[in-house]
Amino acid sequence: MTTTHAPAPPIGKAAVGALGALAVATGALESVVTPTLPLLQRELDMSPAEGALLSIVLLVTGALITPIAGKLGDRYGGKRVVVRLMAVVCAGGLVSALAPNLPVLLLGQVLQGAMVGALPLSFILVRAHLPAGESKVAIGVVSGLFVGGAMAGTLAAGPVAEGLSRHWMFALPTFAVIGATVLVHRLMPHDPPRRPDGTGIDWPGLVLLSGTLVTLMLVLGLGADLVTQPLVLVGLVVLLAAFGTGWVAVERRAASPMVDLRMLTRPAVGKSCVLTFLICVGTSAATYLVPQLFAVPADTYGFGASATAIGLFLLPGALAASLAGPISGIGVRRLGSRAVVTAGVLLMAAGLLGLAAAHTEIWHLVVGKALVALANGLCVTAMVTRTATSVDPGDTGIATGLVLVTRVIGFAVGVQVTGAILTAGTPSGSKIPAESAFVAGFVLAAAVTVLSLLVVRTMSKGVKE
């Protein structure tokens, strides 16, 4: 028997404004680690590989939470799930603010990863409470405010960390998230649960995917340090294989899998996932290496930039990323996804090779990072659009969710590999990696990016395959 629910009550500008305030606050909280990572590494005595782990753990958690959040929203209503997810985020922000060491800070970042699942639920709330035309505008506003919050966090994190402390860098945006969550709770009416699909949450798949990703990060991050302990390294590799094999087996048999791997057999989806992985490996190298290079002391080959200066230097890249989505959408509509992805891959490879060849001036790094950010936005937007329009409407969420997980894995692998390269390239007794380690990281990322052209060549000019 199907239960009929009353339509969700309409909302006003105040409720949309509350969601917008939440987007600004979460965007700021999400972005504070990147410009201050060198500072955190110094204060917490982290190796480059440990710094790489810190920079990706929030994103990995978000990839695991997002599909679960959608199902919980269907079952219990979007507002109820958003408020509870944000309670977890606020707890994570406070743990990060009070963290005395790296393990506690990692725990805080894991909890903060719940925010990645909350933002799509905000879009669902808007669609549930507003007519189609108004909801598109509201979603655009909320998305833009999230990007604006990320830019504000990038700029403010350094001054706050240096003027007050790294603890306040997490605490201030967390207080803003708490305030915005209270506003959403008070101003947003409850939306009725949508009719569930009759299937439960794929908890075994979630556990096995979590184990796979965590073990993969350990293998990549600690591999160089475990060369002298081959039994431990082999044990981790075997564990990784067991988790990965188990996850694939469970997902293939699950009635409602967390990630439907059968989608990979569709050419358009499979190619999009491969391309997304390769492109995100390239992007992650610049995301991680450029701030590290800015922070290298000026009396060597670096610039000795402060966290405040690093945030300012990264701003052009953030602006380029925010412009990439609209530009890619226009390009896909007029030229097709293959043309946009080809242009993005070539642009990214040029930016990475440029960073490897020329990094003696600040503007070299600023321009190179901006090119990579623009190229990544062009490619990923085109891939998501291509995937969403190449499957049946009912499969859109499943297919794009697969691309999301692939994006996270690609980014995580790229950051961990480049972090391991810096760790291996750091002379004994020094905390400064050799310049050649940075060059090797950029060149490797460029080579992986160029490999994606082999997949691009097989893409049809249109979207459908």
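Figure 1. With a relative accessibility of 0%, F294 counts as buried (buried: under 20% relative accessible area; exposed: over 50%; partly exposed: in between; 1.4 Å probe, protein chains only). The model is predicted, so local features need pLDDT of at least 70 and side-chain atom pairs pLDDT 80 or more, whereas totals for chains, interfaces and linings use all residues. Residues are numbered from 1 along each chain as its sequence is written, and side-chain values use heavy atoms, without hydrogens and water. The F294 and F303 rings form a tilted pair, because their centres lie 6.1 Å apart and their planes stand at 55°. F294 and F303 are both buried. The rings of F294 and F313 are also tilted, with centres 4.9 Å apart and planes at 35°. This pair links distant parts of the chain, 19 residues apart: F294 belongs to helix α11 (residues 267–295) and F313 to helix α12 (residues 307–335). Helices here are DSSP runs (H or I, at least four residues), numbered from the N terminus. Ring pairs join F294, F303 and F313 into a cluster.

**Figure 2. Packing of α11 against α16.** The axes of α11 and helix α16 (residues 435–456) come within 9 Å and cross at roughly 160°; axes are lines fitted to C-alpha atoms over the stretch in contact, with angles from 0 to 180 degrees between N-to-C directions. The two helices are therefore roughly antiparallel (angles over 145 degrees). The crossing of α11 and α16 is left-handed, that is, the near helix is turned anticlockwise from the far one by less than a right angle. Their contact comprises 17 nonpolar, five polar and one charged residues.

**Figure 3. Packing of α1 against α8.** Helix α1 (residues 13–31) and helix α8 (residues 166–187) have axes that come within 8 Å and cross at roughly 160°. This makes α1 roughly antiparallel to α8, and their crossing is left-handed. Residues of α1 including A14, L22 and L29 meet residues of α8 including F170, V177 and L187; contact means heavy atoms within 4.5 Å. By class, the contact of α1 with α8 has 17 nonpolar, three polar and no charged residues.

**Figure 4. Surroundings of T61.** T61 lies in helix α3 (residues 48–76). Its relative accessible area is 12%, so T61 is buried. Leaving aside residues up to four places away in sequence, T61 touches V110 and G113.

Methods: Rings of Phe, Tyr and Trp (its six-membered ring) pair if their centres lie within 6.5 Å; planes under 30 degrees apart count as stacked, over 60 as edge-to-face and the rest as tilted. Angles under 35 degrees count as roughly parallel, over 145 as roughly antiparallel, 65 to 115 as roughly perpendicular and the rest as oblique. Ala, Val, Leu, Ile, Met, Phe, Trp, Tyr, Cys and Pro count as nonpolar, Asp, Glu, Lys and Arg as charged, and the others, Gly among them, as polar.
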